[in-house]
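Here are my notes after a pass through this one. Have the structure open while you read.

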Amino acid sequence: MKQLSENSIRVLEERYLVQDHSGKVIETPEEMFLRVAKKVASAELKWGKQKDADYWEGQFFRMMSELDFLPNSTTLMNAGTGYGQLSACFVLPVRDSLSGIFDTLKMAALVQQKGGGTGFNFSKLRPKGDRVSKHGGTSSGPVSFLELFNFSSDHVKQGGKRLGANMGIMNVDHPDIFEFMRLGSKENRVRHFNLSVGITDQFMKHLETDKPWSLINPRTQKVLNKVSPKAIWEELIFGAWESGNPGVIFLDTINSKNPTPNQGEIQATNPCGEVPLLPYESCNLGSINLTHFIKSAKGKSIPDWERIGEIIPMAVRFLDNVIEVNHFPNSKIKKATLSNRKIGLGVMGWADFLIQLGIPYGSQEAVDLGEELMRFINEKSHLASQELAKKRGSFPNWEESVFAPHTPIRNATLTSIAPTGTISLIANTSSSIEPLFALAFERRNVLGEETLQTIQPQVLNFLQEKGLLSEELKQKIAEDGTCADSHELSEKDKAILQTATEIDPIWHLKHQVAFQKFTDNAVSKTINLPASTKPEDIGEIYLQAWKEGVKGLTVFRTDSGREQMLYPGLKT
Ligand code: UDP
């Protein structure tokens, strides 16, 4: 078992380790990994014998306790505790009727209560002021219902540990789109929601020529209004500039890659955007800690492809087993999830991995390696799922999927790049494929209560190995969170230690594009922008992202209104 960092132990004690009724922690981290390994390996009994379950229990325990791979938080928290909801990601439909809306609200509360995050598209709801009954009532509109969902999340702590997380989407042709785009503004924040405008290719074509764009009442399908697409675009990028909300999701790009098009169109994603899902589907995630897959050859650090190749099939097996032992909140979610068996294997520690390899994040070399790595992970994951299908069968909707008739496969999707917000803390590495936010940071937990302080361990190692770690430099990094104006470091070393806001936004986007190329689901990525960025610059980034096949995008401009979880430097 790998030695856990102090921060990691704190996070585990606060939220993951089993507690008794008085709130006393009654489990060690080792016991937690054993509990999860045992539960997930018990799925093996469906196809094998006790000795198979025991074998896989050992493998799963090892890969988690060595911090080589971690499943999403809900699996770590809930597996084997009797609260068996193990998926992090859900999408629920919102139908245009009061009972439909409240059915979904209740379902969302129950999903969140057990730790899941929920995404919704509100575009089916009739617009504000539209008639409700023959007797002259009018609708208060989708934005008011989104606010209601937000209010509900105020009162449901996820798994009793963190506040509810949601994605709220409205399509670009909904008559209330302007009201929706203003929801993220500072005074009017819906704090439990990430907001995204659902953009279509048709809209982007209208934007190119400024051809009038129709806003359509979803109840009657009648055009209510024609507006300039530029007016929508300007409001969209202004919102993103001002508050980081809304982001965008590109619906046609998502649906062009939908593995089960006969089951309907995908209209929404989970809260952080990395998993586009059909109504009622859920998905469970897991991430490989890249920093543990480096070897040295001829005195140089290089990726250990062989070992990465070995852990992928184990991780896929683990995630498929999770679906097997999962408890679903209701029969609709169970049916939709078991029909496609989507999983999302991804990575964490990418920025730390690059530092270990001595490659600057803002370089073509890094982007090329990202693409090569994700291609490798995706291909090996698909092979592993095909192997599982031999014994376990293909997912039930397979015959109507893009894989039929030639490629039996167990899971409709294999890969996702999740934010790994908490599991990267447990593994003591950088999150997801994000660059380091700062070289030292103070971190508030999701409830905004506690703070954790640390200088990035990888940064310390890097400087130490190069013999550059003076007390003076250490102090400077702790204070500033950067080494950009240090006189002791070479330009190359400074480039390797560049932080998120120092890296040109184009490199952020290039990394997202490179990983998306070989990710079945989507990539959760924040494009960090300097405070001086103009709204038009954000427009350019969105346009480029659409052209390059990104499925969705969020930007964060320094000093804009959105709540920040990370604060550079220790002295802020
Ligand atoms: N999630 C959530 N609440 C949170 C954090 C995450 O519901 O406070 C869900 C959400 O669907 C998100 C997914 O978990 O998209 C993955 O997030 P992340 O990788 O940060 O989760 P971790 O496993 O690190 O907790």
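**Notes on the model**

1. Let's start with a helix pair. On the helix 8 side, Phe 203, Met 204, His 206 and Leu 207 touch Pro 229, Lys 230, Ile 232 and Trp 233 of helix 9. Sorted by class, that contact has six nonpolar residues, one polar and one charged. Bear in mind throughout that this is a predicted model.

2. Now the geometry of that pair. Two packed helices are described by the angle and the distance between their axes. Here the axes of helix 8 (residues 201-209) and helix 9 (residues 229-243) come within 8 Å and cross at roughly 105 degrees. Since 65 to 115 degrees counts as roughly perpendicular, helix 8 and helix 9 are therefore roughly perpendicular to each other.

3. On to the ligand, which is surrounded by 20 residues. The closest are Ser 73, Gln 158, Asn 270, Thr 420 and Gly 421.

4. Is Ser 73 buried or exposed? Ser 73 counts as buried because its relative accessible area is 7%, under the 20% cut-off. Apart from neighbours within four places in sequence, Ser 73 contacts Tyr 16, Arg 162, Thr 422 and Ile 423.

5. Most peptide bonds are trans, and most residues other than glycine have a negative phi. The bond from Asn 245 to Pro 246 is cis, with omega near 0 degrees; Pro 246 is in the loop between helix 9 and strand 10 (247-250). The bond from Ala 404 to Pro 405 is also cis, omega again near 0 degrees, and Pro 405 falls in the loop between helix 14 (364-392) and helix 15 (423-426).

6. Which residues have a positive phi without being glycine? Lys 298 is one of them, at about 50 degrees, in the loop between strand 14 (294-297) and strand 15 (300-303). Asp 559 is another, at about 75 degrees, in the loop between strand 20 (552-557) and strand 21 (566-568). Lys 298 is exposed, with a relative accessible area of 88%, and Asp 559 is exposed as well, at 61%.

Technical notes: Residues numbered from 1 in each chain as written. Predicted model: local features only at pLDDT ≥ 70, side-chain atom pairs only at ≥ 80, totals over all residues. Heavy atoms only, no water. Buried < 20%, exposed > 50% of the residue type's maximum accessible area, 1.4 Å probe, protein only. Contact = heavy atoms within 4.5 Å. Axes fitted to C-alpha atoms, helices over the stretch in contact; angles between N-to-C directions. Helix = DSSP H or I, 4+ residues; strand = E, 2+ residues; numbered from the N terminus. Parallel < 35°, antiparallel > 145°, perpendicular 65-115°, else oblique. Nonpolar A, V, L, I, M, F, W, Y, C, P; charged D, E, K, R; others polar. Near = heavy atom within 4 Å.
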